[in-house]
Every structure is written in structure tokens, then in C-alpha cells.
Amino acid sequence: MVTLDRLANVLSGYGIRLRLGSVPRSTRLRSVVIHGADQDPMEAGDVLLGIGARSVPEVVEWAVSAGAVVALFRGGAETEHEPDIDGVAVLVVDPAVAWSELAAVVYGLVLEGRETEAGRGPTDLFALADSVADAVGGAVTIEDRRCRVLAYSKPKQHLDPAGVETILGREMPPWLRALFDARGVFAHLAASDEPLFVAPDAERGVTGRMVVAVRVGRQLLGSIWVSCPAPLRGARRTALADGARTVALHLLRSRASADLERQVEADLVIRLLEGAADAATVASRLGLAPENLRVIALRDRSAHERHAALLLIFERATTGFGWSRSTRSALVGDTVYTVLPADSAAAARRWVGELQAALPVGMTLAAGVSGLARATELASARREADECMALHEARPAAAAPPAYDESWDEILLQRLRTAGLSGRTPARGPVSELRRYDRVHSTQYVATLRAWLQAQGDSAQASAQLGVHENTVRNRLRKMAEVTDLGLDDPRKRLAMMIELAVADTD
């Protein structure tokens with residue numbers, strides 16, 4: 001089950017546009033019906049696939065007779081000026097998207113949405129790779145458009161070193177990618193659906209390969225690579241082309257399922273971060289324990305296209321289906337938040353390190369880790385994570401992400417500095433008077449007071465810190481008492497001065 005808003009948002013990535021209709025986007029969709037131009041509706045359904053419809057009025061008529069509130073129609077720019085239709089939302093399909101591809105994603109979203117929310121992932125892509133390998137007679141790898149390995153077949157023959165490196169590294173190595181790019185392989189994949197034979201390179205130990213694009217409509221989703229000494233011909237070449245279409249349908253449904261699952265997950269995580277009254281129940285729905293949780297705040301600190309970088313971070317953080325990963329994440333504003341079960345800050349840092357390793361070279365994360373929290377305390381933990389991330393952004397990129405357990409003192413002082421910058425520190429008092437006296441007479445009274453307070457009244461330790469003689473410290477203290485009433489015998493006044501000096505630590 002899915003809403004019209006969700007269906008329209010997912011399908012918009014495949015050339016489908018919501019053009020007409022006054023149906024609320026919150027409308028829930030539970031069933032799909034296919035209706036051809038030469039037949040009556042066989043059954044009722046919420047979503048109608050208008051295969052064969054010749055106009056918007058015709059597909060709307062079919063939808064009304066089928067009791068559908070959404071109709072999909074193949075049309076072009078001529079639908080731009082069609083009038084709105086009451087009671088039926090019309091989704092206009094790009095002519096480049098096949099009905100079979102469209103049906104796959106619609107059925108996956110509408111009919112399998114409930115299973116996806118419960119944690120069910122897509123069917124086995126590795127089994128599909130095995131099936132293609134059996135049909136073409138060679139080892140197969142299926143890769144996404146960034147040349148990352150999605151699946152590979154069981155080894156039926158010896159792989160060349162490049163193939164082994166690709167599988168072990170889970171992506172095509174840069175040198176091999178550069179070789180194929182120089183030969184025009186990727187330009188061919190971007191423009192053509194025809195299989196291409198890539199000749200071997202004996203000098204680098206690369207055997208021959210056959211590659212074909214995996215595409216939905218005009219959108220390139222990935223590619224299939226087959227190890228073979230010579231070009232595939234006849235039935236084997238046909239099997240590779242057919243396999244590409246099957247993989248495209250699979251990736252299309254997988255993407256739709258992942259997109260829906262991520263949205264459901266993100267909505268629940270946001271409720272936790274906002275302090276939902278039923279936080280324990282929400283955590284249970286997410287498969288999280290009610291305690292020993294940490295919030296990790298993530299942001300890219302290096303990219304110029306920050307929005308694209310955030311989406312990539314969110315994608316990598318949510319890779320995997322159902323309970324195959326322990327984290328739960330949401331993208332809120334310009335930050336990715338991840339809730340992680342972790343007793344120690346070290347475990348959270350390891351997770352951040354693994355995420356950083358999965359990102360492209362050049363992307364550097366700024367991250368902050370909250371203290372341990374219960375599910376009912378995640379709103380406070382979010383603030384801790386934000387403040388720790390701000391500390392990390394002020395440190396060198398190679399520094400470890402701060403955790404609130406270890407950095408609470410810096411967080412407290414930063415909060416006080418923020419209050420000070422808003423004009424809430426005293427404009428008068430002993431510290432302010434000493435600061436003015438230093439500016440006029442070029443003395444070092446404020447620095448001396450800070451060192452003495454940090455040394456808890458030990459003049460010898462304070463003098464060592466300042467690099468002066470112990471008697472110099474005592475002499476300065478006597479002269480400071482002539483300038484203002486320090487009240488060093490009062491522990492409350494000593495504490496107040498320590499706080500003010502720590503907040504304004506630029507002296």
C-alpha cells in the first residue's frame with residue numbers, strides 16, 4: 001500500500017509526470033488493474049494502467065468504470081493543456097518507458113509496499129547473474145552506473161586478475177575503468193543498447209569481455225559484463241540482450257522498494273529525533289532496542305554540490321534492506337542523522353569510518369556522536385550530535401569525530417561562548433576591569449588570574465605555566481587586588497571567574 005504522493009515521486013524518476021487531476025496526494029492506493037483499449041475492465045482497482053488508450057478522456061473513462069483514482073497514460077507534450085479531471089489523477093508516461101517496465105515498478109510499490117515496510121528486500125540478484133551466465137556461457141558481473149559491483153555469477157571458469165580485483169574490491173578498479181573509457185566503452189553504454197565486445201589487452205592481462213547497457217527508458221541504470229574470448233553471437237548474444245532487460249526490471253523494482261523503505265524508515269526516525277510521545281513503540285517498529293542508542297550527525301565538509309553530497313551520504317548510510325543493517329537513518333535539512341545501537345563511542349566511530357570508506361575519493365565527512373540514550377531521549381541526543389559535529393567541523397579533517405561522552409566539557413563551554421556572543425557575559429566585574437586595565441597599561445593580569453585559577457591557587461604551578469618566577473605571580477596578585485576586588489577567598493566568586501575566563505578564552 002502506498003500513497004499517490006509517494007507513487008508520483010518515485011515514478012517521476014522514470015519520466016512519469018503528474019499532469020492532471022484533483023485527487024489528494026494523501027490518497028492510499030491498494031490495487032492495480034490493467035485495461036486495454038479493446039476490452040472492458042475485468043476487475044476494479046485503485047491504479048489503472050491505460051495500455052492502448054488514445055487520449056486522456058478515454059483513459060479517464062476507463063478509470064471511472066474500473067473505480068480507479070489514478071490512471072497512467074502514454075502521452076507527450078499535447079497533454080500539457082488538457083483540463084483537470086475531477087476524481088481521477090492522470091500520470092503521463094514518457095513514450096521511452098515500456099509498459100512492462102512501468103508495470104513492474106507500479107506493482108512493486110502498490111502491492112508489495114507492506115512487505116517492503118516490514119523489511120523484505122528484492123529478489124536475489126546473484127541468482128539472476130547465475131542465470132545469465134548459464135545462458136551466455138561466461139562469468140557475469142552486474143554493475144551499477146558507477147561501476148560498483150551489484151552481483152556476480154558463480155565462477156564457472158578462470159577469471160582474469162582484473163575480474164578478480166573487481167569482485168574483491170566490489171567495484172571496477174580505476175586503472176581498468178580508465179582503459180575502458182579510453183576505448184569508448186562508457187560512451188557506447190550511454191548511447192546504445194547493443195552489446196559491445198571489448199577486445200583483450202594481453203599486456204595488462206585483461207581477457208575479452210562483452211558488455212551491454214542496463215537501461216529503463218532513457219535512464220542508464222548499470223551494465224552487464226561477460227568474460228569471453230570472442231564476441232557472443234546468435235543465441236548467446238540474444239540471451240545477453242534479454243538478460244539486460246530482465247536485470248533492468250529487477251533494478252527498477254529494487255530501486256522502488258528501496259526508495260519506499262527508506263521513506264518509511266526516515267519518517268519514523270524523524271519522529272524519534274523530534275521526541276515522539278510513543279518513542280518506545282516507534283523504536284520497536286524500526287527494530288531498535290529501547291536503550292543503548294546513539295545519534296550520529298553527518299555532513300559533507302568538502303563538496304561544492306552539498307545537496308548531491310548529502311543524498312549520496314544518505315544512500316550509503318541506508319544501503320541494505322530490512323534488518324540487514326543495524327542503523328536507521330533520516331535526511332533532515334542539511335544533515336543526515338543515523339540512530340546506531342552502540343555501547344561505546346569507538347563503535348560509532350568505526351561505523352563512521354566504514355561509511356567514509358564507501359564514499360568517493362575527495363568527499364570528507366564531518367560527524368558528531370551523541371552520548372548513550374534511551375529511545376525516549378533521542379531528541380536530546382540529536383542536539384548533542386549536532387554540537388559534536390560543529391566541533392568536528394572546526395578541527396582538521398583527519399581528526400576523529402567527537403563523541404559527547406568525551407567532549408561534554410567542550411560542548412558546555414561552547415554553549416557558554418554562544419551565550420557570551422549574544423551579550424550575556426558581564427560588562428562589569430573583576431575580570432572585565434582587569435581586561436580594561438591590561439589594555440591600558442599592557443599588563444598580564446588576566447592571563448595571570450587564569451593561570452592561578454587553573455592551578456587552583458598553586459602559585460608555583462601558575463608561574464611554571466606563565467614562564468615567570470613564583471614571586472612574580474604573588475606580586476601581580478597583590479597589584480590586581482589594588483585594581484579590583486577579586487574575592488579570591490570566596491569559592492563561588494572563583495568559580496564564576498573561571499567560567500567567564502573559559503568562555504572568553506581569547507585573552
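Which residues are linked with Asp144 in a network of salt bridges? Arg148 and Glu315 are linked with Asp144 in that network, a salt bridge being a side-chain nitrogen of Lys or Arg within 4 Å of a carboxyl oxygen of Asp or Glu. The model is predicted, so local features need pLDDT of at least 70 and side-chain atom pairs count only at pLDDT 80 or more, while totals for chains, interfaces and linings use all residues. Residues are numbered from 1 along each chain as its sequence is written, and side-chain values use heavy atoms, with hydrogens and water left out.

Across the whole structure, 17 salt bridges are found. One of them joins arginine 209 to aspartate 160, with the closest N and O atoms 2.8 Å apart. Arginine 209 lies in strand S11 and aspartate 160 in the loop between strand S9 (149-152) and H5, so the pair ties together parts that are 49 residues apart in sequence. Helices (H or I, at least four residues) and strands (E, at least two) are DSSP runs, numbered from the N terminus. Arginine 209 is buried at 6% relative accessible area, and aspartate 160 is buried at 4%; buried means under 20%, exposed over 50%, and partly exposed in between (1.4 Å probe, protein chains only).

Strand S11 (residues 209-216) also holds arginine 215, which is buried at 12% relative accessible area. The arginine 215 side chain makes a polar contact with the side chain of aspartate 193 at 2.5 Å. A polar contact is a pair of N or O atoms within 3.5 Å; within protein, one must be able to donate a hydrogen and the other to accept it, and residues adjacent in sequence count only if both atoms are side-chain atoms. The side chain of arginine 215 also reaches the backbone oxygen of leucine 189, at 2.7 Å.

S14 is joined to strand S15 (residues 335-341) by 5 bridges, and arginine 328 has valine 339 in S15 as its bridge partner.

Arginine 299 forms a salt bridge with glutamate 393, the closest N and O atoms being 3.0 Å apart. This pair links strand S13, which holds arginine 299, to helix H12 (residues 378-393), which holds glutamate 393, 94 residues apart. Arginine 299 is buried at 14%, whereas glutamate 393 is partly exposed at 32%.

Notes. Pairing = 2+ DSSP bridges.
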